[in-house]
Amino acid sequence: MKESQIQKTIIDGLQKRFGAWVHKLDGHIAGTPDLIAAIPTSFFVRKRREPFVFFIEVKQPGKNPSDIQRVRIDELERHGFTVIVADCWDDVLEFVDKVTR
Ligand SMILES: [Mg+2]
């Protein structure tokens, strides 16, 4: 499956399952993660005090982030953001379930 198709299943899944706002980042800065997702607190089982926003680097199965993508992921994480690397919708669903349970 092409990465663009995987991205689409992730975007659709986040919107349908969690009512998420998902934006595809344009890559003006090399290595920027593919997607930013924001899930409304109303969809959480356990109420969170802060909005839940995270970045997603989408890869085809078996592929890893490139060096420049790894640099951007590390930068974002240093600033306290969450970045996940996903190769399918199930990866994202598992992550969201874990942090919201
Ligand atoms: Mg990607």
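Guide: A residue counts as buried here if 20 or more other C-beta atoms lie within 10 Å of its own. Keep that cut-off handy, and keep in mind that this is a predicted model.

Visitor: Fine. What share of the 101 residues in the protein chain is buried?

Guide: Buried residues come to 20% of the chain.

Visitor: What radius of gyration would a compact globule with 101 residues have, and what does the protein chain have?

Guide: The rule puts a compact globule with 101 residues near 13 Å, and this chain has 13 Å, so the two agree. As for the extents, the C-alpha trace spans about 35 × 30 × 20 Å along its principal axes.

Visitor: And how much of the contact comes from residues 24 or more positions apart?

Guide: Take the contacts with a separation of 6 or more: residues 24 or more positions apart account for 53% of them.

Visitor: Let's do helices. How do I describe two that pack together?

Guide: Two packed helices are described by the angle between their axes and by the distance between those axes. In this model, helix H1 (residues 3-18) packs with helix H3 (residues 89-100) at an angle of about 40°, and their axes are 9 Å apart. The crossing of H1 and H3 is right-handed.

Visitor: Which residues of H1 and H3 make the contact?

Guide: H1 puts in Thr-9, Ile-10, Gly-13, Leu-14 and Phe-18, while H3 brings Trp-89, Val-92, Leu-93 and Val-96. Sorted by class, that contact of H1 with H3 has 7 nonpolar and 2 polar residues, with no charged ones.

Visitor: Gly-13 is on that list. What does Gly-13 touch, beyond residues up to four places away in sequence?

Guide: Trp-89, Val-92 and Leu-93. Look at Gly-13 and Val-92: they sit 79 residues apart in sequence, yet their C-alpha atoms are 8.9 Å apart in space. Gly-13 counts as partly exposed because it has 18 C-beta neighbours inside 10 Å.

Visitor: Ile-10 lies in helix H1 too. Is Ile-10 buried or exposed?

Guide: Ile-10 has 25 C-beta neighbours inside 10 Å, so it counts as buried. Leaving aside neighbours within four places in sequence, Ile-10 is in contact with Leu-35, Ile-56, Val-58, Ala-86, Trp-89 and Val-92.

Visitor: Now a loop residue. Where is Pro-33 found?

Guide: Pro-33 sits in the loop between strand S1 (21-24) and strand S2 (35-39). Pro-33 is buried, because 21 other C-beta atoms lie within 10 Å.

Visitor: Which residues is Pro-33 in contact with, again leaving aside neighbours within four places?

Guide: Leu-25, Phe-55, Ile-56, Glu-57, Arg-72, Ile-73 and Val-83.

Note on methods. Residues are numbered from 1 along each chain as its sequence is written. This is a predicted model: local features need pLDDT of at least 70, side-chain atom pairs count only at pLDDT 80 or more; totals for chains, interfaces and linings use all residues. Axes are lines fitted to C-alpha atoms, for helices over the stretch in contact, and angles run from 0 to 180 degrees between N-to-C directions. Helices (H or I, at least four residues) and strands (E, at least two) are DSSP runs, numbered from the N terminus. A crossing is left-handed if the near helix is turned anticlockwise from the far one by less than a right angle, and right-handed if clockwise. Two residues are in contact if their C-beta atoms, placed from the backbone, lie within 7 Å. Ala, Val, Leu, Ile, Met, Phe, Trp, Tyr, Cys and Pro count as nonpolar, Asp, Glu, Lys and Arg as charged, and the others, Gly among them, as polar. The radius of gyration is taken over C-alpha atoms; the globule rule is 2.2 Å times the number of residues to the power 0.38. A residue is buried if 20 or more other C-beta atoms lie within 10 Å of its own, exposed if 12 or fewer, and partly exposed in between; C-beta atoms are placed from the backbone.
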